[in-house]
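Reader: I would like to learn how to read a chain contact and a sheet in a model such as this one. Could you take me through them in turn?

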Amino acid sequence: MERERIIQTQDLSKFYGPHMALENLNLDIKKGATGLLGPNGAGKSTFLKTILGLIQATSGEGTVLGHDIRTEGAAIRARIGYMPEYDALNPDMDAINQVRYSGELLGMNPVVALQRAHASLQYVGLGEQRYREIKSFSTGMKQATKLACAIIHDPELIIADEPSNGLDATAREFMIDTLINTVKQGDRSVLMASHLMDDVERVCDEIVLLHKGKLAAQGRIEDLKAIDREIEIHVWGGASKLEAAMIQRGMRVRREGRVMRIAHESEELTSEILLCASQVGAQIRRMHEYEASLEDLFLVIMENLGYDVKSSEDLFNHPIHARKVDAPGHMGGGAS
Amino acid sequence: MSEDEENLLQPQPQPIVIESQPQPLPPPQPQPIAIEPQPQPQPQPLPPPTPQQVQQVQQVATEDIQMATAETPVTGQARMDTAWGSSEGDEDISEMASIGQTDSGEIFKQNYEPWRGELNPRWMRNWAILRHHILGIFKKGHRPWGVPTRIFLVLVFFASLSDAALTLLSSLIGDAEFHSFWGVNRDNLYGHVLGFFPRNVMYYPIVAALLVGGVISEDRLHGTSALYFSRPINRFDYVGMKYASVAFIQAIIIIFTLFLYYLTEIMAFGRGWAWIVDTFPIFLGALMGGVLLIITYTSIGLALSSVSKGKFFPGIGLLAIILGTKTLAIIVKNLFDREILYLLSPYDCLAHVGQTLVKTQPTYDQYSWTWSLASLIVMNAIALYVLSSRVSSMEVTRE
């Protein structure tokens, strides 16, 4: 059975003057957990503001939970819960009243909002700390409070912007588990923008990868990983000869010392590898299907777009001028 | 046996311990089950230690401590003994402790609780913003106004009631001359709202500065604007309710006390309809002057608040504009006998228009009151333009 669509866009574009922030974005995000990936300047924030109905798209159209993003922004924001990346809490208020007020801003009755604030804070693990002032909270507790503010009205879609950013291992684990629980037990949808590939992989089934305002990849993580299926072998003796033999037979080989990865393009690949090894007299001491991580997938996609980056961290965490990943020539950038 | 194993079997240097040597535990003696109560031995007081015993203990302790030198190997044995006992570890555990069964429980169980309620419409959201800011003055759990702000508001409220209190006093003592000083008349109604000292030096501008200081700027500072704009609240409602809440608190201090002053005169002196009909237009003039004052101070203050991150710049900026322009205008008038610079002073424009509304003796005679009104309109328009453009640029994703 096909899952319900929660976000859909058609040729969505947004220009700030001559600067293109989103270009012909065609997205189809279904119920469940979806990761929104992309380096700084990819258009994630613009995309979020557009689907929240806070800014008008230059062209194109879209719907969120069935509401038109151009005309029904308030209705969309009433049905979603947004957890911002940056501090969005008054440090002089205690957590319970901050969460209650966020519920009142949605139109909840003050008494009901207070009841829900208790339940939400309990859910995010702050039941015992709810009467403490927010300025005494750790980063993890502040993140949890923001999540409580987002889920107070039990929204159908939770947009979490970098939910695990700046958290220590324990807090990060709890945040990720909470989001997973919200999806699995609560049957809610989560759109999670994050730079941490591991977190996205744990929470989400699908990803949307934006780059320079364009859609670089979209789909189920497992399906996208299948694009990059490889057989990994560990060779002892005659590695270079084996590599040459495999390339001669038309295999795509990537080699790092004695470890080689061969693109899994045919069902007889393992037999062919063993045949090559026997011909050149090389020992294959280990052979297994290589499971690509989301990080690998990201790098492959970026490589396909023409960028030479070592890791997602390399791309995400450095300022734009230091990344040297300008768009390639055919995409209108300055890179050759 | 290897050399390493032989080394392990060598006697290790013993740590320095003051306690006695470990003794093997005595075997458990079978105890008869005593049903009858056994006679309890009476506790005997211990004999005091003899001087010899004390001396022996002190000597042993001193010698042991002196043995601990820098060369003494640190083995951790003493700590192990302290934690785990000093025997060889062959005790029969069943004699020392019993293992009980305890129920294992879950301290925290994460349950997602759905909510099936309905959200109220726009007016309820706006009411929430208004309520949050106004109730914050009086009780915890709403907007956290600073304690100095709250104290000052209370002080100014009671200070603003001074003319009402003195009117009441004059009715009690029955002194007509005293009443002519403090009772309701044209000059006193004007003075309640637009008198320069102390009301427009010490009271109202400072009240406005304290209120507008952080109302918008702290949303920028703390990022709480995201909390508003990720909800179904538009910019107009956001700024409108902030404006209304600040204006409402000022209105309690300025307009409500003016009303109480007028009411006190009526009640204390038993004024009839004729007097009310005579004085009500004057009262309305003063009330309109107060409304203009609140609007002007709030507009300028919120505009300053919207361009900053923090509450000090808007507060100080508002005071500087109100009192600074007034001071500059006085200096220019005294030096050059030209009043035109009063048009740049919000207070003077308000006072000029107020004098016309209440019809008191005018103190600005070099230009028409319509210039002051036009100047006020321009000031408010500029302030509201700055306010709206800055609030429009407030972000939900990042500031």
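**Reading a contact and a sheet**

Author: This is a predicted model, and in it the contact takes 42 residues from chain A and 30 residues from chain B. On the side of chain B that touches chain A, helix H5 (122-138) and helix H12 (225-229) of chain B each supply at least two residues.

Reader: How many nonpolar, polar and charged residues has the side of chain B that touches chain A?

Author: By class, that side of chain B has 16 nonpolar residues, together with 10 polar and four charged ones.

Reader: Turning to the sheet, what is the order of the four strands in chain A?

Author: In general, strands of a sheet pair through backbone hydrogen bonds, and the pairing is either parallel or antiparallel. Here the order in chain A is E12-E13-E11-E14, an open sheet with antiparallel pairing. Strand E12 (253-256) and strand E14 (283-290) of chain A are the edge strands, each of which pairs on one side only, and neighbouring strands of this sheet are turned by 20° against each other on average, direction ignored.

Reader: How many bridges join strand E11 of chain A to E14(A)?

Author: Seven bridges join E11 (residues 230-236) to E14(A), the two strands running antiparallel, and A:Val235 stands opposite A:Ile284 in E14(A).

Reader: Which strands does helix H9 of chain A lie across, and which does helix H10 of chain A touch?

Author: Helix H9 (residues 239-248) of chain A lies across E11, E12 and strand E13 (259-263) of chain A, running at about 165° to E12(A). Helix H10 (residues 269-280) of chain A packs on the sheet and touches E11, E13 and E14 of chain A, its direction making about 20° with that of E11(A).

How values were computed
Residues are numbered from 1 along each chain as its sequence is written. Chains are lettered from A and ligands numbered from 1 in the order in which they are written. This is a predicted model: local features need pLDDT of at least 70, side-chain atom pairs count only at pLDDT 80 or more; totals for chains, interfaces and linings use all residues. Two strands pair if DSSP finds at least two bridges between them. Axes are lines fitted to C-alpha atoms, for helices over the stretch in contact, and angles run from 0 to 180 degrees between N-to-C directions. Two residues are in contact if their C-beta atoms, placed from the backbone, lie within 7 Å. Ala, Val, Leu, Ile, Met, Phe, Trp, Tyr, Cys and Pro count as nonpolar, Asp, Glu, Lys and Arg as charged, and the others, Gly among them, as polar.
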